[in-house]
Amino acid sequence: MQFKNTLDFAKQLDQQDVLAKYKAEFNFPKVNGEEVIYFTGNSLGLQPKIAKEYVDEVMTNWADLGVEGHFNGSKPWWDYQERFAEPLSKIVGAKPSEVTVMNTLSVNLNLLLVSFYRPTKQRFKIICEEKAFPSDQYLIQEQVRNHGLDPATTIVEVKRRPGEHNFRTEDILQTIQSVGNELALVLMGGINYYTGQVLDMQAITKAGHQVGAYVGWDLAHAAGNIKMHLHDWQVDFAAWCSYKYMNAGPGSASGIFVHEKHHKSNLPRFAGWWGHNKERRFLMEPAFDPIQGAEGWQISNPPVLSLAPYLGSVAMFNEVGMDALIAKRDTITAYLAFVLQDIASQVHANFEVITPAEPEQRASQISLFLHGQGKELFTYLMQNGVIVDWREPNVIRLAPVPFYTSYQDIYNFGQILKAGLV
Ligand SMILES: Cc1ncc(COP(=O)(O)O)c(C=O)c1O
Ligand SMILES: Nc1ccccc1C(=O)C[C@H](N)C(=O)O
(Lines give C-alpha, C1' and ligand atoms only; values in the text may rest on other atoms or scores of the structure.)
(Ligands and ions follow the chains in the order given, each with its own letter.)
Protein backbone atom coordinates (compact mmCIF):
# COMPACT_ATOMS: atom_id res chain seq x y z
CA MET A 1 0.00 0.00 0.00
CA GLN A 2 1.23 3.50 -0.87
CA PHE A 3 1.00 5.48 2.41
CA LYS A 4 0.61 9.23 2.78
CA ASN A 5 1.36 11.27 5.86
CA THR A 6 -1.87 13.29 5.74
CA LEU A 7 -4.94 13.53 7.93
CA ASP A 8 -7.23 12.60 5.04
CA PHE A 9 -5.27 9.47 4.33
CA ALA A 10 -5.27 8.46 8.01
CA LYS A 11 -9.04 9.01 8.14
CA GLN A 12 -9.48 6.88 5.07
CA LEU A 13 -7.53 4.03 6.71
CA ASP A 14 -9.71 4.34 9.81
CA GLN A 15 -12.83 4.08 7.70
CA GLN A 16 -11.59 0.83 6.18
CA ASP A 17 -10.51 -0.56 9.55
CA VAL A 18 -12.81 -3.39 10.65
CA LEU A 19 -11.45 -3.14 14.21
CA ALA A 20 -11.98 0.64 14.51
CA LYS A 21 -15.06 0.20 16.70
CA TYR A 22 -13.03 -1.50 19.45
CA LYS A 23 -11.30 1.76 20.43
CA ALA A 24 -14.52 2.75 22.21
CA GLU A 25 -14.38 -0.47 24.24
CA PHE A 26 -11.34 0.78 26.20
CA ASN A 27 -10.80 3.46 28.84
CA PHE A 28 -8.18 6.05 27.92
CA PRO A 29 -6.24 8.19 30.40
CA LYS A 30 -6.37 11.94 29.79
CA VAL A 31 -3.62 14.53 29.55
CA ASN A 32 -4.51 18.23 29.32
CA GLY A 33 -8.18 17.17 29.36
CA GLU A 34 -7.86 15.04 26.24
CA GLU A 35 -7.65 11.33 25.70
CA VAL A 36 -4.07 10.31 25.11
CA ILE A 37 -2.42 8.53 22.23
CA TYR A 38 -1.48 5.36 24.04
CA PHE A 39 1.68 3.61 22.86
CA THR A 40 2.51 1.58 25.97
CA GLY A 41 0.26 -1.42 25.56
CA ASN A 42 3.50 -3.44 25.49
CA SER A 43 3.99 -2.47 29.14
CA LEU A 44 0.45 -2.18 30.48
CA GLY A 45 -2.52 -2.65 28.17
CA LEU A 46 -5.46 -0.26 28.51
CA GLN A 47 -8.48 -1.23 30.55
CA PRO A 48 -11.23 -2.85 28.49
CA LYS A 49 -14.60 -1.49 29.67
CA ILE A 50 -15.82 -5.05 30.04
CA ALA A 51 -13.18 -5.74 32.73
CA LYS A 52 -15.21 -3.98 35.40
CA GLU A 53 -18.23 -6.19 34.75
CA TYR A 54 -16.14 -9.30 35.24
CA VAL A 55 -14.62 -7.98 38.47
CA ASP A 56 -18.00 -6.77 39.76
CA GLU A 57 -19.47 -10.19 39.14
CA VAL A 58 -16.90 -11.78 41.45
CA MET A 59 -17.33 -9.05 44.07
CA THR A 60 -21.12 -9.45 44.00
CA ASN A 61 -20.89 -13.23 44.27
CA TRP A 62 -18.53 -12.89 47.19
CA ALA A 63 -20.85 -10.40 48.94
CA ASP A 64 -23.96 -12.48 48.33
CA LEU A 65 -22.63 -15.99 48.73
CA GLY A 66 -19.48 -15.93 50.83
CA VAL A 67 -17.80 -19.31 50.76
CA GLU A 68 -20.62 -20.73 48.67
CA GLY A 69 -19.24 -18.76 45.74
CA HIS A 70 -16.60 -21.46 45.29
CA PHE A 71 -19.20 -23.86 43.93
CA ASN A 72 -22.40 -21.87 43.49
CA GLY A 73 -21.26 -18.56 42.06
CA SER A 74 -22.39 -17.47 38.61
CA LYS A 75 -18.90 -18.48 37.49
CA PRO A 76 -17.83 -20.76 40.34
CA TRP A 77 -14.37 -19.95 41.66
CA TRP A 78 -13.06 -23.49 42.12
CA ASP A 79 -12.80 -24.01 38.38
CA TYR A 80 -12.66 -20.33 37.32
CA GLN A 81 -9.30 -20.84 35.59
CA GLU A 82 -10.64 -23.65 33.41
CA ARG A 83 -12.55 -21.08 31.37
CA PHE A 84 -9.26 -19.86 29.93
CA ALA A 85 -7.99 -23.08 28.40
CA GLU A 86 -10.06 -23.00 25.23
CA PRO A 87 -9.74 -19.29 24.27
CA LEU A 88 -6.10 -18.99 25.35
CA SER A 89 -5.11 -22.09 23.46
CA LYS A 90 -6.29 -20.37 20.27
CA ILE A 91 -4.32 -17.23 21.09
CA VAL A 92 -1.00 -19.07 21.53
CA GLY A 93 -1.52 -22.00 19.16
CA ALA A 94 -1.91 -24.82 21.65
CA LYS A 95 -4.30 -27.55 22.71
CA PRO A 96 -6.56 -26.55 25.61
CA SER A 97 -4.93 -29.15 27.88
CA GLU A 98 -1.54 -27.49 27.27
CA VAL A 99 -2.56 -24.13 28.73
CA THR A 100 -3.58 -22.74 32.09
CA VAL A 101 -3.37 -19.52 34.12
CA MET A 102 -1.72 -19.20 37.51
CA ASN A 103 0.65 -16.99 39.55
CA THR A 104 2.68 -14.33 37.73
CA LEU A 105 5.27 -14.57 34.98
CA SER A 106 8.61 -14.74 36.80
CA VAL A 107 7.10 -17.09 39.36
CA ASN A 108 5.92 -19.37 36.57
CA LEU A 109 9.25 -19.35 34.78
CA ASN A 110 10.86 -20.37 38.05
CA LEU A 111 8.34 -23.17 38.51
CA LEU A 112 8.76 -24.39 34.95
CA LEU A 113 12.55 -24.41 35.33
CA VAL A 114 12.12 -26.72 38.31
CA SER A 115 10.74 -29.22 35.80
CA PHE A 116 12.68 -28.34 32.66
CA TYR A 117 16.11 -27.43 33.97
CA ARG A 118 17.49 -30.69 35.29
CA PRO A 119 21.24 -30.32 34.84
CA THR A 120 23.46 -33.41 34.80
CA LYS A 121 27.25 -33.54 34.99
CA GLN A 122 27.46 -33.64 31.23
CA ARG A 123 24.39 -31.62 30.16
CA PHE A 124 23.98 -28.51 32.27
CA LYS A 125 24.25 -25.32 30.21
CA ILE A 126 21.49 -22.77 29.53
CA ILE A 127 21.37 -20.52 26.49
CA CYS A 128 19.63 -17.16 26.70
CA GLU A 129 20.02 -13.86 24.87
CA GLU A 130 22.30 -11.11 26.14
CA LYS A 131 20.46 -8.32 27.92
CA ALA A 132 17.33 -10.39 28.32
CA PHE A 133 14.64 -8.74 30.45
CA PRO A 134 16.38 -8.44 33.86
CA SER A 135 13.88 -10.63 35.69
CA ASP A 136 14.80 -13.49 33.34
CA GLN A 137 18.52 -12.93 33.87
CA TYR A 138 18.10 -12.98 37.65
CA LEU A 139 15.90 -16.02 37.74
CA ILE A 140 18.16 -18.03 35.43
CA GLN A 141 21.22 -17.13 37.52
CA GLU A 142 19.54 -18.17 40.74
CA GLN A 143 18.14 -21.39 39.28
CA VAL A 144 21.68 -22.28 38.24
CA ARG A 145 23.03 -21.51 41.71
CA ASN A 146 20.20 -23.50 43.21
CA HIS A 147 21.72 -26.54 41.51
CA GLY A 148 25.13 -25.71 42.99
CA LEU A 149 26.49 -24.51 39.64
CA ASP A 150 28.31 -21.35 38.67
CA PRO A 151 26.31 -18.95 36.44
CA ALA A 152 29.55 -17.76 34.79
CA THR A 153 30.34 -21.21 33.36
CA THR A 154 26.76 -22.41 32.93
CA ILE A 155 24.87 -19.59 31.21
CA VAL A 156 25.76 -18.96 27.58
CA GLU A 157 24.49 -15.65 26.23
CA VAL A 158 23.88 -15.20 22.52
CA LYS A 159 25.42 -11.86 21.55
CA ARG A 160 24.51 -9.26 19.01
CA ARG A 161 27.28 -8.53 16.51
CA PRO A 162 29.26 -5.35 17.17
CA GLY A 163 27.36 -2.32 15.90
CA GLU A 164 24.11 -4.27 15.43
CA HIS A 165 20.94 -3.90 17.47
CA ASN A 166 19.31 -7.22 16.72
CA PHE A 167 20.12 -10.90 17.00
CA ARG A 168 20.82 -12.94 13.92
CA THR A 169 19.00 -16.27 13.81
CA GLU A 170 22.13 -17.88 12.36
CA ASP A 171 24.13 -16.76 15.41
CA ILE A 172 21.56 -18.24 17.79
CA LEU A 173 21.52 -21.54 15.87
CA GLN A 174 25.31 -21.54 15.77
CA THR A 175 25.53 -21.03 19.54
CA ILE A 176 23.13 -23.94 20.08
CA GLN A 177 25.26 -26.11 17.81
CA SER A 178 28.47 -25.23 19.52
CA VAL A 179 27.19 -25.87 23.06
CA GLY A 180 25.84 -29.16 21.66
CA ASN A 181 25.52 -32.01 24.09
CA GLU A 182 26.32 -29.80 27.08
CA LEU A 183 23.10 -27.89 26.44
CA ALA A 184 20.29 -28.57 28.92
CA LEU A 185 17.97 -25.70 28.08
CA VAL A 186 17.30 -22.78 25.75
CA LEU A 187 15.20 -20.05 27.40
CA MET A 188 14.69 -16.82 25.51
CA GLY A 189 12.20 -14.01 25.06
CA GLY A 190 10.07 -14.67 21.97
CA ILE A 191 10.00 -10.91 21.40
CA ASN A 192 12.79 -8.72 22.73
CA TYR A 193 11.37 -6.14 25.11
CA TYR A 194 13.92 -3.46 24.13
CA THR A 195 14.00 -3.69 20.34
CA GLY A 196 10.70 -5.43 19.60
CA GLN A 197 12.54 -8.05 17.52
CA VAL A 198 10.54 -11.26 17.01
CA LEU A 199 12.76 -14.33 17.17
CA ASP A 200 12.33 -17.34 14.91
CA MET A 201 10.89 -19.52 17.65
CA GLN A 202 10.23 -22.45 15.36
CA ALA A 203 13.81 -22.70 14.04
CA ILE A 204 15.37 -22.11 17.45
CA THR A 205 13.13 -24.71 19.10
CA LYS A 206 14.02 -27.23 16.44
CA ALA A 207 17.76 -26.55 16.78
CA GLY A 208 17.59 -26.92 20.57
CA HIS A 209 15.84 -30.26 20.22
CA GLN A 210 18.37 -31.46 17.66
CA VAL A 211 21.13 -31.26 20.26
CA GLY A 212 18.92 -32.87 22.91
CA ALA A 213 17.95 -29.80 24.98
CA TYR A 214 14.59 -28.52 26.19
CA VAL A 215 13.38 -25.22 24.75
CA GLY A 216 11.16 -22.75 26.61
CA TRP A 217 9.97 -19.22 25.83
CA ASP A 218 9.18 -16.08 27.78
CA LEU A 219 6.22 -14.78 25.81
CA ALA A 220 5.59 -11.58 27.80
CA HIS A 221 5.72 -9.47 24.64
CA ALA A 222 4.37 -12.13 22.30
CA ALA A 223 1.07 -13.30 23.82
CA GLY A 224 -1.80 -11.52 22.11
CA ASN A 225 0.65 -9.80 19.77
CA ILE A 226 1.83 -12.42 17.29
CA LYS A 227 0.55 -15.66 15.86
CA MET A 228 2.21 -18.66 17.42
CA HIS A 229 1.96 -22.41 17.01
CA LEU A 230 3.47 -23.57 20.28
CA HIS A 231 2.07 -27.07 19.93
CA ASP A 232 3.15 -27.63 16.34
CA TRP A 233 6.55 -26.06 16.98
CA GLN A 234 7.03 -28.67 19.72
CA VAL A 235 7.94 -25.98 22.25
CA ASP A 236 8.48 -27.68 25.62
CA PHE A 237 7.11 -24.91 27.82
CA ALA A 238 6.31 -21.20 27.81
CA ALA A 239 4.87 -18.52 30.06
CA TRP A 240 3.53 -15.01 29.57
CA CYS A 241 2.04 -12.17 31.56
CA SER A 242 -1.44 -10.92 30.85
CA TYR A 243 -1.06 -7.21 31.54
CA LYS A 244 0.57 -6.17 28.26
CA TYR A 245 -1.17 -6.99 24.97
CA MET A 246 -3.69 -9.14 26.83
CA ASN A 247 -5.10 -6.10 28.67
CA ALA A 248 -5.81 -7.95 31.92
CA GLY A 249 -4.62 -5.27 34.35
CA PRO A 250 -1.57 -4.64 36.51
CA GLY A 251 -0.02 -7.77 37.97
CA SER A 252 -2.81 -9.94 36.60
CA ALA A 253 -2.23 -13.68 36.35
CA SER A 254 0.22 -15.33 33.99
CA GLY A 255 -0.47 -18.01 31.42
CA ILE A 256 1.60 -21.14 30.96
CA PHE A 257 2.03 -23.69 28.21
CA VAL A 258 3.36 -27.20 28.75
CA HIS A 259 3.50 -29.37 25.64
CA GLU A 260 1.31 -32.45 25.60
CA LYS A 261 4.37 -34.68 25.18
CA HIS A 262 5.27 -33.92 28.81
CA HIS A 263 1.84 -34.45 30.33
CA LYS A 264 2.33 -38.11 31.18
CA SER A 265 6.00 -37.78 32.05
CA ASN A 266 7.22 -37.91 35.57
CA LEU A 267 8.90 -34.51 35.57
CA PRO A 268 9.71 -33.24 39.06
CA ARG A 269 7.84 -30.08 39.99
CA PHE A 270 6.80 -27.91 42.89
CA ALA A 271 3.30 -28.92 43.85
CA GLY A 272 0.13 -27.95 45.64
CA TRP A 273 -3.42 -29.20 45.86
CA TRP A 274 -4.66 -27.32 42.79
CA GLY A 275 -2.40 -29.44 40.57
CA HIS A 276 -3.87 -32.63 42.06
CA ASN A 277 -6.32 -34.94 40.31
CA LYS A 278 -9.46 -32.81 40.02
CA GLU A 279 -11.96 -35.50 40.89
CA ARG A 280 -10.06 -36.30 44.07
CA ARG A 281 -8.87 -32.82 45.07
CA PHE A 282 -11.22 -32.51 48.01
CA LEU A 283 -10.69 -36.03 49.34
CA MET A 284 -7.65 -34.77 51.24
CA GLU A 285 -5.46 -37.68 50.24
CA PRO A 286 -1.79 -37.75 51.23
CA ALA A 287 -0.10 -38.56 47.87
CA PHE A 288 0.16 -36.07 45.00
CA ASP A 289 -1.42 -37.28 41.75
CA PRO A 290 -0.84 -34.49 39.20
CA ILE A 291 -3.45 -33.59 36.61
CA GLN A 292 -2.11 -34.70 33.23
CA GLY A 293 -1.87 -31.35 31.51
CA ALA A 294 -0.64 -27.83 32.14
CA GLU A 295 -3.05 -27.71 35.10
CA GLY A 296 -0.81 -30.24 36.82
CA TRP A 297 1.63 -27.37 37.43
CA GLN A 298 -0.95 -25.33 39.37
CA ILE A 299 -0.19 -24.98 43.03
CA SER A 300 -2.82 -22.83 44.70
CA ASN A 301 -6.48 -22.13 44.19
CA PRO A 302 -6.91 -19.44 41.55
CA PRO A 303 -6.59 -15.69 42.32
CA VAL A 304 -10.11 -15.09 41.04
CA LEU A 305 -10.15 -11.29 41.36
CA SER A 306 -6.96 -11.12 39.35
CA LEU A 307 -8.29 -13.53 36.76
CA ALA A 308 -11.61 -11.72 36.26
CA PRO A 309 -10.38 -8.90 33.97
CA TYR A 310 -8.25 -11.42 32.10
CA LEU A 311 -11.33 -13.53 31.37
CA GLY A 312 -13.13 -10.49 29.99
CA SER A 313 -10.15 -9.68 27.82
CA VAL A 314 -9.78 -13.22 26.53
CA ALA A 315 -13.45 -13.10 25.50
CA MET A 316 -12.67 -10.01 23.41
CA PHE A 317 -9.70 -11.69 21.78
CA ASN A 318 -11.87 -14.64 20.94
CA GLU A 319 -14.51 -12.44 19.38
CA VAL A 320 -11.98 -10.65 17.18
CA GLY A 321 -9.51 -13.47 16.54
CA MET A 322 -5.74 -13.23 16.20
CA ASP A 323 -5.86 -13.08 12.40
CA ALA A 324 -7.82 -9.81 12.33
CA LEU A 325 -5.62 -8.29 15.03
CA ILE A 326 -2.48 -9.27 13.16
CA ALA A 327 -3.75 -7.93 9.84
CA LYS A 328 -4.34 -4.51 11.41
CA ARG A 329 -1.14 -4.71 13.44
CA ASP A 330 0.94 -5.11 10.31
CA THR A 331 -0.68 -2.18 8.54
CA ILE A 332 -0.66 0.20 11.48
CA THR A 333 2.94 -0.63 12.45
CA ALA A 334 4.01 -0.12 8.84
CA TYR A 335 2.13 3.19 8.81
CA LEU A 336 3.91 4.30 11.97
CA ALA A 337 7.28 3.34 10.42
CA PHE A 338 6.36 5.33 7.32
CA VAL A 339 5.32 8.43 9.30
CA LEU A 340 8.56 8.30 11.30
CA GLN A 341 10.58 8.06 8.11
CA ASP A 342 8.64 10.89 6.50
CA ILE A 343 9.28 13.15 9.49
CA ALA A 344 12.96 12.22 9.62
CA SER A 345 13.22 13.35 6.00
CA GLN A 346 11.70 16.77 6.83
CA VAL A 347 13.33 17.78 10.09
CA HIS A 348 16.53 16.99 11.92
CA ALA A 349 15.68 13.74 13.69
CA ASN A 350 17.90 12.44 16.45
CA PHE A 351 16.37 8.97 16.44
CA GLU A 352 17.11 5.72 14.71
CA VAL A 353 14.54 2.93 14.36
CA ILE A 354 16.22 -0.20 15.72
CA THR A 355 13.29 -2.60 15.34
CA PRO A 356 13.86 -4.87 12.33
CA ALA A 357 11.90 -3.84 9.23
CA GLU A 358 11.40 -7.44 8.04
CA PRO A 359 7.71 -8.30 8.57
CA GLU A 360 8.50 -11.66 10.20
CA GLN A 361 10.73 -9.96 12.78
CA ARG A 362 8.44 -7.07 13.65
CA ALA A 363 5.14 -7.01 15.54
CA SER A 364 3.40 -4.17 17.40
CA GLN A 365 6.44 -2.35 18.70
CA ILE A 366 8.82 0.13 17.15
CA SER A 367 11.83 1.19 19.22
CA LEU A 368 13.56 4.49 18.65
CA PHE A 369 17.20 4.65 19.63
CA LEU A 370 17.98 8.25 20.60
CA HIS A 371 21.24 9.89 19.77
CA GLY A 372 21.47 12.68 22.33
CA GLN A 373 18.61 14.55 24.01
CA GLY A 374 16.50 11.41 24.19
CA LYS A 375 15.01 11.98 27.59
CA GLU A 376 13.88 15.51 26.59
CA LEU A 377 11.98 14.10 23.64
CA PHE A 378 10.37 11.50 25.89
CA THR A 379 9.27 14.16 28.39
CA TYR A 380 7.96 16.37 25.59
CA LEU A 381 5.85 13.54 24.14
CA MET A 382 4.42 12.65 27.54
CA GLN A 383 3.49 16.27 28.26
CA ASN A 384 1.76 16.49 24.92
CA GLY A 385 -0.50 13.51 25.38
CA VAL A 386 1.55 10.75 23.78
CA ILE A 387 2.16 7.99 26.30
CA VAL A 388 5.39 6.22 25.42
CA ASP A 389 8.05 4.69 27.61
CA TRP A 390 11.70 5.17 28.16
CA ARG A 391 13.98 2.18 28.55
CA GLU A 392 17.54 2.73 29.71
CA PRO A 393 19.95 3.56 28.34
CA ASN A 394 18.30 5.42 25.44
CA VAL A 395 15.25 3.90 23.84
CA ILE A 396 11.71 5.20 23.41
CA ARG A 397 9.26 2.40 22.68
CA LEU A 398 6.09 2.90 20.63
CA ALA A 399 3.47 0.18 20.48
CA PRO A 400 0.43 1.00 18.30
CA VAL A 401 -1.76 -1.79 19.67
CA PRO A 402 -4.32 -2.79 17.00
CA PHE A 403 -7.22 -3.14 19.46
CA TYR A 404 -7.29 0.53 20.38
CA THR A 405 -4.97 2.57 18.17
CA SER A 406 -6.37 4.46 15.20
CA TYR A 407 -4.55 5.60 12.09
CA GLN A 408 -5.42 9.16 13.06
CA ASP A 409 -3.53 8.55 16.31
CA ILE A 410 -0.47 7.76 14.23
CA TYR A 411 -0.88 10.86 12.08
CA ASN A 412 -1.46 13.06 15.14
CA PHE A 413 1.54 11.57 16.88
CA GLY A 414 3.65 12.39 13.81
CA GLN A 415 2.57 16.03 13.95
CA ILE A 416 3.35 16.27 17.67
CA LEU A 417 6.73 14.62 17.14
CA LYS A 418 7.60 16.92 14.26
CA ALA A 419 6.73 20.01 16.30
CA GLY A 420 9.04 18.76 19.04
CA LEU A 421 11.96 18.21 16.69
CA VAL A 422 12.13 21.52 14.85
C1 LIG B 1 10.21 -10.20 28.86
C2 LIG B 1 9.71 -10.05 30.26
N3 LIG B 1 9.97 -11.02 31.15
C4 LIG B 1 9.56 -10.93 32.42
C5 LIG B 1 8.85 -9.83 32.88
C6 LIG B 1 8.51 -9.79 34.33
O7 LIG B 1 7.20 -10.06 34.57
P8 LIG B 1 6.57 -10.21 36.05
O9 LIG B 1 6.95 -9.04 36.86
O10 LIG B 1 5.12 -10.26 35.78
O11 LIG B 1 7.10 -11.47 36.62
C12 LIG B 1 8.53 -8.80 31.97
C13 LIG B 1 7.76 -7.59 32.32
O14 LIG B 1 7.63 -7.14 33.41
C15 LIG B 1 9.00 -8.92 30.64
O16 LIG B 1 8.78 -7.94 29.75
N1 LIG C 1 5.04 -4.60 35.33
C2 LIG C 1 5.67 -3.42 35.39
C3 LIG C 1 5.58 -2.62 36.54
C4 LIG C 1 6.22 -1.42 36.61
C5 LIG C 1 6.95 -0.99 35.54
C6 LIG C 1 7.05 -1.74 34.40
C7 LIG C 1 6.43 -2.96 34.32
C8 LIG C 1 6.56 -3.79 33.11
O9 LIG C 1 5.80 -4.68 32.92
C10 LIG C 1 7.63 -3.50 32.18
C11 LIG C 1 7.61 -4.37 30.97
N12 LIG C 1 7.90 -5.76 31.25
C13 LIG C 1 8.57 -3.91 29.91
O14 LIG C 1 8.75 -4.55 28.90
O15 LIG C 1 9.16 -2.88 30.08
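User: How many aromatic pairs does a search of the whole structure find?

Analyst: This is a predicted model, in which local features need pLDDT of at least 70 and side-chain atom pairs count only at pLDDT 80 or more, while totals for chains, interfaces and linings use all residues. Side-chain values use heavy atoms, with hydrogens and water left out, and residues are numbered from 1 along each chain as its sequence is written. Rings of Phe, Tyr and Trp (its six-membered ring) pair if their centres lie within 6.5 Å; planes under 30 degrees apart count as stacked, over 60 as edge-to-face and the rest as tilted. On that basis, the number of aromatic pairs found in the whole structure is 25.

User: Which parts of the chain does the pair of phenylalanine 378 and tryptophan 390 tie together?

Analyst: The two rings form a tilted pair, with 6.2 Å from centre to centre and 45 degrees between the planes, and both phenylalanine 378 and tryptophan 390 are buried, where buried means under 20% relative accessible area, exposed over 50% and partly exposed in between (1.4 Å probe, protein chains only). Helices (H or I, at least four residues) and strands (E, at least two) are DSSP runs, numbered from the N terminus. Because phenylalanine 378 and tryptophan 390 lie in separate elements, the pair ties together parts that are 12 residues apart in sequence, namely helix H12 (residues 374-383) and strand S16 (residues 389-391).

User: Which residue is joined to glutamate 392 by a cis peptide bond?

Analyst: The bond in question has an omega of about 5 degrees.

User: Is serine 89 buried or exposed?

Analyst: Serine 89 is found in helix H4 (residues 85-92), and it touches Phe84, Ala94, Lys95, Pro96 and Val99, not counting residues up to four places away in sequence; contact here means heavy atoms within 4.5 Å. Because its relative accessibility is 4%, serine 89 counts as buried.

User: Where does asparagine 350 have its place?

Analyst: With a relative accessible area of 15%, asparagine 350 is buried. Leaving aside residues up to four places away in sequence, asparagine 350 touches Phe369, Leu370, His371, Gly372, Gln373, Leu377 and Leu421. Its place is in the loop between helix H11 (322-346) and strand S13 (351-353).

User: What is phi of methionine 284, a residue other than glycine?

Analyst: Methionine 284 lies in the loop between strand S12 (254-258) and helix H10 (304-320), and at 60% relative accessibility it counts as exposed. Its phi is a positive value, near 60 degrees.

User: What is the radius of gyration of the protein chain?

Analyst: The secondary structure of the chain comes to 13 helices and 17 strands. The radius of gyration is taken over C-alpha atoms, and the globule rule is 2.2 Å times the number of residues to the power 0.38. For 422 residues that rule gives 22 Å, and the chain's own value is close to this, so the chain is as compact as a globular protein of that length, with a radius of gyration of 22 Å.

User: What percentage of the residues of the protein chain count as buried?

Analyst: The C-alpha atoms fill a box of roughly 70 × 60 × 35 Å, taken along the principal axes. Of the contacts with a separation of 6 or more, 71% are between residues 24 or more positions apart. Among the 422 residues of the chain, the share that counts as buried is 55%.

Technical notes. Chains lettered and ligands numbered in written order.
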